[in-house]
Structures are given as C-alpha cells and as structure tokens.
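Visitor: Please put the model up first. Then I would like to hear what stands behind each label you use.

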Amino acid sequence: MEPQTPVASKFDGLGNEKKMKTELKVFDFVKPLAAFIVLPLVFYVFSKNQLFASMTQNSNAFPSLEVYEVLILFFVMAFLAVLMIFGNERILSMTFVLLGALLTPSILFFSKLDWFRVLGIQFNVDTVNANLPSYMVSAISLVLVATWIFLLYTSRIDTAKKELLRRGASEIDVEKAMNAQSSFTSKMLLGCFGIAFLIFGAASAVQMILATQAAVIPYAYLMLALIVACALIVCTVIYLRSNAGLQDRQSRNAQNSTENALR
Amino acid sequence: MKSLGIFFIVFFAAMFLGNVILLYVSIVPLLVVVFSLIFETPGNVKVERRESKLSAWVNGVLDVSVKVTADKGVGLISIADFLPEHFDLSEGNNFRVFWKGSEQLSEELRYSAKCTMRGIYKIGPCSCECRHVLGFKQTEIYVDKETLELVVRHKPLNIKRLRDPKLFSRIPLPLGSMSKLGMMTNDFKEIREYVSGDSYRHVNWKATARSSSPMRDVLLVNEFEKEGKRVVWIFLDSSSKMATGTKIENSFEYALQAVLSFSQFYLARNCHVGLCVYNGPEKTLIPDLGRRQEYKIYRSTLGLEVSNMKVPLKRAVAKCRGHLIGGNPFSIVISNVRRENLRELLDGTKELSKYSRSIGRAPQILILHLDGYSIAAEGFNEEAGATMLNLANQSSIRALRHAGLYVASWNPKRQSLASLMVLGMKRR
C-alpha cells in the first residue's frame, strides 16, 4: 500500500518541534575522515613501490622530480578524496578499485605463485618490489577493504535516508534512525575488522606450526584453495535453498490467509 | 550482496596468485556477510489502534494514535497510516521511521489530521516496511487488517429561538403552531411517571415492576407521540450549479449544513421533518420526528453529491404528494436562485403551495438562496465580480418575492444562518 505522501513537517512524529538541529551529525564527517586516513596510506605504499620509483626516474616530462612527485600525489589524492566524499555508490566503488590498483603491485610482489614463469613470460618480479614488510602491506590492504565496505554501507544509508525523506518522513525521525543504523553498522564492521586483524596476527603463529606439515603436501595452497572453495560453494547453495524455502513458506502462508479472509 | 562479490573476487584472486595478503583481505567481506546473516529482518510487528470508530466535524481536527511493537530482528521499520483524500495533516506525521535494535521496539505513531470534507472514511490500514540492517535479506511488508472508520459531518449551525413577545418573525417558522394535544399515534416517545387522568391502558407494568421498591412506588406509563404537530419539508437542490466554489467549500456543502441545522432546529421542537433531494438521484425521507430522524438525515447527507440529472422541483413535489396532502407542511427550499431556474422554482413552489394553507397571501414556503458567487470569490476583485453577478440574480429573487415567497439570501462567508434568521424578525 502506498501511503499518502505527507509534507515533511517541522515537527517530529509526535508533534514536538525539532530539537536535534544542533546535535552533532557525526556521520557527516565519516567520508572525509575515511579519505583522510585511507588515501595517504595507499599513496605511501604506492610511492614506496619500485614501480613508482622507476616511473619517476624514467620520466623526463617534469623539470624537478620533487615538485612532480608532490604535485601529482597532491592532485590525484585531492581528486580521489573529492570522488570519495561526494560520489555516489558507483563512483565510490570505482574510486576504491582505483586505490586497489595502486596497491596491487605491492600486493602482487608477495604472491607465491609466479604465473609469468609458469607461462614462460620473462618478467622481473623486482620491478614491483614493495620495499615494505608484508605485514604493513597486509594491514593497509585490510584498512582499505574495511573502509570500502563501510563507505558502501554509509552511502546506502544515505540513499535510504533521502528516499525516506522524499516519502515524507520527518527529518528528526530519519536522522535518529539513520544514526542508530550507522552506529550499529560501524560497530559491526569494526568487529569484523578486529577479527580479521586477529586472524592476521594469529596466522603467523599458525603458519609456523603448519609450515612443516604443509611442506610435505605438493601445491599446498592449491589444495587449501580447493577445499575452501568447495566449502564455500556448498554453504552458499545451502543458504540460498533455505532462504528460497522460507520465502516459499511465507508466500504460501500469505496466500492461505488471503483465502481465509475471502472465505 | 556487494560484500559477497568483493569476497569472492579477492578470495579467488588470492587462490589464483597464492597471495596471503589477499587471503587476509578477503576475510573482512566474508565476516561482514556472516554477521549480516546472523541478524534477521525486523518482524513480529504488531499494530494496535486506540480507537475503532470516530466521528468528527468538517474542518475539525482529529487525533489518531497507533501503537507499534516489534520484537524480532534488527533494522529499520517504517510505518505509514493511510489517510484518505480530503485530509490535511495538521500536526505530527502519518509516516514514521524507527530503528529496531536488539531490544523490543515499542513506539507510537501519533498525528492530527484536519477533515475538510464530509463523508464516511476509512483511516488505514497501517503498513509497516521492515528493512534488514545491511539489506542482505528481503524487505518485509506487513499490512495491518484493522482500519478506523471515521464519520465526518457538518456541524449544524445553532439556530436559536428568540423569546421576546414583542418580536414576530416574517419568516414563516412554524413554532407557535406546535401542538401538545391531539390524537395519539403508535410512535413510542418515552416512559414517564403516571399522572392523574392517564389511561390505565398505557401503564407499563413491566417497567413499573422493575423500578418499584419499598421506598418508591409509582406507576410508569408509556408516552406516545401526538398527531397534529407541524410538518416541515426540506427540499434540497443538488444540481451541478450548486457546486460553485472549491471542492471543499462550495454552495452545496453550505446547503447541506443548512439542511442539518434546520432539521435539528425543528426536530428539537417536536416537528416532523422530511427531506427531499431534487435535481439529482432520488432521495426522500418521509417526515418523522425524534433523534432517529435526525440521525437518518445526517446519514443521508453524508453521501450526497451534486448531479447533472434533471428532476425539477415540481416533479419532486409531485412524488412526495402522498405525504404532503393534509399535512399543511411548512416547506424550505434550499437552492441557488438564478435566471435559469426561476421558472422551475416558481412552478415548484406553486405546486407546493397547494398542500399548505397560506398565511395572509404568503404561502408557508421559505426559499434559502445560497450566494454561490461570493463563496467562490477570493480577494477584492473577485468579490466585486461576485457582487456584480449577484446583482444580475436580483431580478429573479424579486420575481420570487413578488410571488409571495419569503426568500432569504445567505452569504455564508459574511453571516451565519442564525443571524440570517434574525433578519426576519420585526418588532410589533
């Protein structure tokens, strides 16, 4: 049923005049804050990479290397920051893909499988040398993905907020509900990020224990991948089937209740 | 589902490249998916209305409150209470959004709406939209079956009788002719205490037995309505010309208000009141008295609308002939007097005057002319235009007065119906 679209009033749902106008809207600062944290980290990793160093050394386009570095970095970062802050969900995803691309050379440097050698292509891995320890690249990558997901949901919350306001909900109601949702989402994502960090920390200890056993198995990574992929596919199928069954049951119940009402 | 997509891409890239960093990175979206699936979409929503039936006056403010509870899931709950057309939100909102956290939600949707048009409306049903906290599960919509029936009616204008022996009314209001004596009818009126002279046939023995006690021992008798009371007929014009004005404020709405006021006035004075709607779908209420008739009249006016049908007053009077004969009724015709319907009014009132005795030369007919142009006019220029148009109608009103009819011209924006009736008063 489509409700009558009332005019968004200056009263809240209970008829009280707006009181929250002066309240600090924390989530308005989330995007600039995320941009402020993520961009320098990603650019730091990229600037440390051998690829960046080789690009700057080979270039003759700019008279001064330092000015070139600073200017390019500053403008690209500013541009990406603007996209992150003002862009919609799609632009946000594209920005993070771009940031991911800047991290890719450093991440690839730590790959165990050299497909270039497998395919017989001559490629010197040192051209993408990260010049940073693996734990630092991992930590920054984790921060990047966590921020991406967080901003994705923040952007969705924004869309939902606009939709609700367009439908006539009072600003105070929406603000209150959205703040609660954002708070819940950020806590949840923070939890996920914390668990991921714990796993990351614990992994080195586990690695030491399993290293001796894994060394015996040929292509240990591929074996592990196969097992995990199978498990994932099975879990996904089970989830989708159970959800479909639930929806079927719900629609059947709704049909039955309608029939009963008609009788 | 985007998190799931990110996870799959990063995870398979990690597997393909044998990259531990990507494997760690894939953990974050996977955990987000897992945690999201743990939380359910809000459910078990219960909507409870405080009232089940309400009545309000036109332009009155109505307070509606709905209690919402939900005890399952986490996410957003938006609730909307359907408001019919012609309602204006005056305070609060009929659409609210709540956050349902881990604890039980118990909130109230409270708003005030202004009813701008008469009728029988249904408020609701309430519709609840439950969204999953991260949009991983389908949004669920609950529509409550319960609705609130609302009757919106015109507030009758309070017409008062002026009790001054020095005053007499030029308007033929049949108050003095009300009879307390006469033949008793079968219409039950009330139970009252026995007074000397009452017939034993009218003693209500059951009621007497029920009310008797050692301290109080009186007989109770049934009282019936007496014949010989005056009959008042109200003829209402429902032609499309009566719709002058806006949809909410027009001549017809004021005419209905006048119908309710007159009927309430006469019924309160023990007159039989009948209603006949002409120039529209046939609607006749034969004269009756009491609160039941008042209820019948207001109920029948709720659904009345203007029409393009042509049923002239004369034909409507002819249809009611059986009830008019011998009743010596006082008739009130509520219309918009124009040049086009002058002939119709003259013919109709001529037919009506056959059934009631004239007082002097004047038949017992009152024509209430609704000044439609003034109702529609807004601002100085429009009001000036309305005055000019009314001047053109003056010749028609004069023609009716010449025929001996009392024509009261009513501009609801300037004067109340009560003050209009006072205009008909004169000192002896």
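Guide: Helices are DSSP runs of H or I with at least four residues and strands are runs of E with at least two, both numbered from the N terminus. On that rule chain A has eight helices and zero strands, and its elements read α-α-α-α-α-α-α-α from the N terminus on. Residues are numbered from 1 along each chain as its sequence is written, and chains are lettered from A and ligands numbered from 1 in the order in which they are written.

Visitor: What is the mean pLDDT of chain A, and which of its elements have the lowest and the highest mean?

Guide: The mean is 74, and 73% of the residues of chain A reach 70 or more. Where pLDDT is low, the predicted coordinates should not be read in detail.

Visitor: What makes B:Glu140 count as buried, partly exposed or exposed?

Guide: A residue is buried if 20 or more other C-beta atoms lie within 10 Å of its own, exposed if 12 or fewer do, and partly exposed in between. B:Glu140 has 19 C-beta neighbours inside 10 Å, so it counts as partly exposed. B:Glu140 belongs to strand E10 (residues 140-143) of chain B. Apart from neighbours within four places in sequence, B:Glu140 is in contact with B:Thr41, B:Gly43 and B:Cys130.

Visitor: What share of each chain counts as buried?

Guide: In chain B it is 42% of 428 residues; in chain A it is 24% of 263 residues. Chain B comes to 11 helices and 21 strands.

Visitor: How do you know whether the length of helix H1 of chain B agrees with that of a helix?

Guide: The expected span is 1.5 Å times one less than the number of residues. For the 16 residues of H1(B), residues 2-17, that gives 22 Å, and the end C-alpha atoms are 22 Å apart, so the two agree. Among the buried residues of H1(B) are B:Ile6, B:Phe7, B:Val10, B:Phe11 and B:Ala14. An α-helix has 3.6 residues a turn, so residues three or four places apart point the same way. B:Gly18 follows H1(B), with a positive phi near 65°.

Visitor: Why are E17 and E20 of chain B called edge strands?

Guide: Strands pair if DSSP finds at least two bridges between them. Six strands of chain B form an open sheet with mixed pairing, in the order E17-E16-E15-E18-E19-E20. E17 (283-288) and E20 (406-410) each have a single partner strand, so one side of each is left without a neighbour in the sheet.

Visitor: What makes E15(B) enclosed or open?

Guide: Seven of the seven residues of E15(B) are buried, so the strand is largely enclosed by the rest of the structure. One side carries B:Val231, B:Trp233, B:Phe235 and B:Asp237, the other B:Val232, B:Ile234 and B:Leu236. In a regular strand the side chains alternate between the two faces of the sheet.

Visitor: Which strands pair with E15(B), and over how many bridges?

Guide: E15 (residues 231-237) pairs in the parallel sense with E18 (residues 330-335) of chain B over five bridges, and B:Ile234 stands opposite B:Ile332. Seven bridges join E15(B) to E16(B), also parallel, with B:Leu236 partnered by B:Val277.

Visitor: How many residues of chain B are in contact with chain A?

Guide: There are 42, meeting 51 residues of chain A. H2(B) gives the largest share of that side of chain B, 11 residues. By class that side has 28 nonpolar, 10 polar and four charged residues, where Ala, Val, Leu, Ile, Met, Phe, Trp, Tyr, Cys and Pro are nonpolar, Asp, Glu, Lys and Arg charged, and the others, Gly among them, polar.

Definitions and conventions:
This is a predicted model: local features need pLDDT of at least 70, side-chain atom pairs count only at pLDDT 80 or more; totals for chains, interfaces and linings use all residues. pLDDT is the predictor's confidence in each residue, from 0 to 100. Two residues are in contact if their C-beta atoms, placed from the backbone, lie within 7 Å.
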